[in-house]
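This briefing covers salt bridges first, then strand pairing and the nonpolar cores.

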Amino acid sequence: MSVGRCFAIAIASWTAAVGLDTAPAISASADAAYTVANYPVEATAANAVAAKEQAMADGQQAAFRSLLKRLVPVTAYKRLSTVADLKAGDLVSGVSVRSERNSATDYIASLDFSFQADAVRSALSRQGIPYVDQQAPPVTVLTVLQQGNPPTAGSDAGLWRRAWTGLDLKHTITPITIKDLKPTIRPDTVNQMLAGDDNGLRALTGEYGTGLVVMAVAEPDMASKKLTVTLAGRDATGPLLLKRTYRISDGDLDYASQLAAVVALGVIEGRWKAIKSAPPAPASPGADMPVWAASTGGNGEDVTLLVEFSSPDQWDQMRGQLLDTPGVDGLNIADVTESRADITLKYPGGARSLANALGARGLSLTGTNQGWVLRSSY
């Protein structure tokens with residue numbers, strides 16, 4: 001089996017199902033999130049018929065697991081074990097073949113699996129598992145490739161763009177439209193976005209005619225075998241600024257780009273699920289519930305805090321962690337000095353709920369005589 005094939009199967013079973021955004025969906029109903037598109041299946045058996053049957057059976061079960069991870073917040077993944085015995089075949093409402101090939105003993109195909117939305121909802125509700133199937137407002141993602149020294153940005157029609165268009169961007173709970181960087185976007189706008197400067201976002205909003213736009217900037221460094229990816233802009237949950245680095249193993253930039261795109265989509269999905277999922281009835285008295293369940297469905301309560309840091313790098317990291325925290329909205333940086341910054345924002349449940357959420361991200365938000373103070377825990 002080829003490396004690319006192994007990767008496709010691995011990511012499909014790990015997170016949101018992969019697919020081609022330009023391919024037709026099984027249906028265009030309100031239950032679009034219950035279609036897992038372009039799912040890779042493969043099996044070997046004594047004959048072609050048995051191989052196809054095995055691939056179908058294994059594929060629909062794996063696609064169902066992928067669907068559950070699409071719908072359920074990551075904080076509730078452990079509870080999916082309570083529905084592990086469900087037979088996907090009883091929940092499938094349709095299968096469409098995108099492509100297939102076979103031999104005397106092998107069967108390989110890409111399939112679209114459509115699941116019965118009401119049946120899946122009922123199964124999750126019976127176990128008290130939170131889920132989100134309401135799709136977010138569409139987000140425009142600009143794929144940008146930065147290369148050279150100093151790095152310069154250009155319209156990307158290569159590996160990075162293909163890594164995104166190879167994902168199922170239509171059935172995800174956070175639908176995405178991929179667009180190129182317009183020639184009218186100046187280099188300083190890209191730099192502003194990477195720095196979290198609102199001026200950059202305002203420029204993109206004007207150019208693309210939408211307030212929901214995210215720049216996905218890939219910076220490959222083949223010498224150090226690293227791919228740095230920055231997501232900057234605003235998605236359906238609010239401001240977003242996140243930088244992550246991926247290893248380029250054996251010079252395979254294609255693999256690293258695909259992995260980075262999968263993770264990026266997972267981040268955007270996770271942010272939406274975090275603020276939209278409602279807490280189910282506790283399975284037992286005193287059951288722990290995720291802090292984001294305190295969301296009232298609005299923009300949250302006003303929070304004013306003082307951020308203390310020891311270096312510009314630490315400030316950039318802490319600011320990025322804040323922006324990437326699901327539920328944080330309306331973040332405004334009032335003043336920044338060499339060691340501190342004054343920030344106001346909105347968060348469901350207020351400062352105490354925010355303190356719990358940030359604790360899991362390596363940040364400490366504590367109440368003092370001066371008000372709420374945010375510091376790094378490391």
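Asp188 has 37% relative accessibility and therefore counts as partly exposed (buried is under 20% relative accessible area, exposed over 50%, partly exposed in between, with a 1.4 Å probe and protein chains only). The model is predicted: local features need pLDDT of at least 70, side-chain atom pairs count only at pLDDT 80 or more, and totals for chains, interfaces and linings use all residues. Residues are numbered from 1 along each chain as its sequence is written, and side-chain values use heavy atoms, leaving out hydrogens and water.

Salt bridges
- Asp188 meets Arg186 in a salt bridge at 3.6 Å, N to O (a side-chain nitrogen of Lys or Arg within 4 Å of a carboxyl oxygen of Asp or Glu).
- Arg186 counts as exposed because its relative accessibility is 55%.
- One network of salt bridges with shared partners joins Asp31, Asp118, Arg121 and Asp133.
- Within it, Arg121 and Asp133 pair at 2.6 Å, N to O, and both residues are buried.
- The whole structure holds 10 salt bridges.

Strand pairing
- Strands S10 (residues 301-308) and S12 are antiparallel over 8 bridges (strands are DSSP E runs of at least two residues and helices H or I runs of at least four, numbered from the N terminus; pairing needs at least two DSSP bridges).
- Leu306 has Asp342 in S12 as its bridge partner.

Nonpolar cores
- The largest nonpolar core has 36 residues, and Leu345 is one of those touching the most other members (a core is a set of buried Ala, Val, Leu, Ile, Met, Phe, Trp, Tyr and Cys residues joined through side-chain atoms within 4.5 Å).
- Helix H9 (residues 350-359) supplies the largest share of this core, 5 residues.
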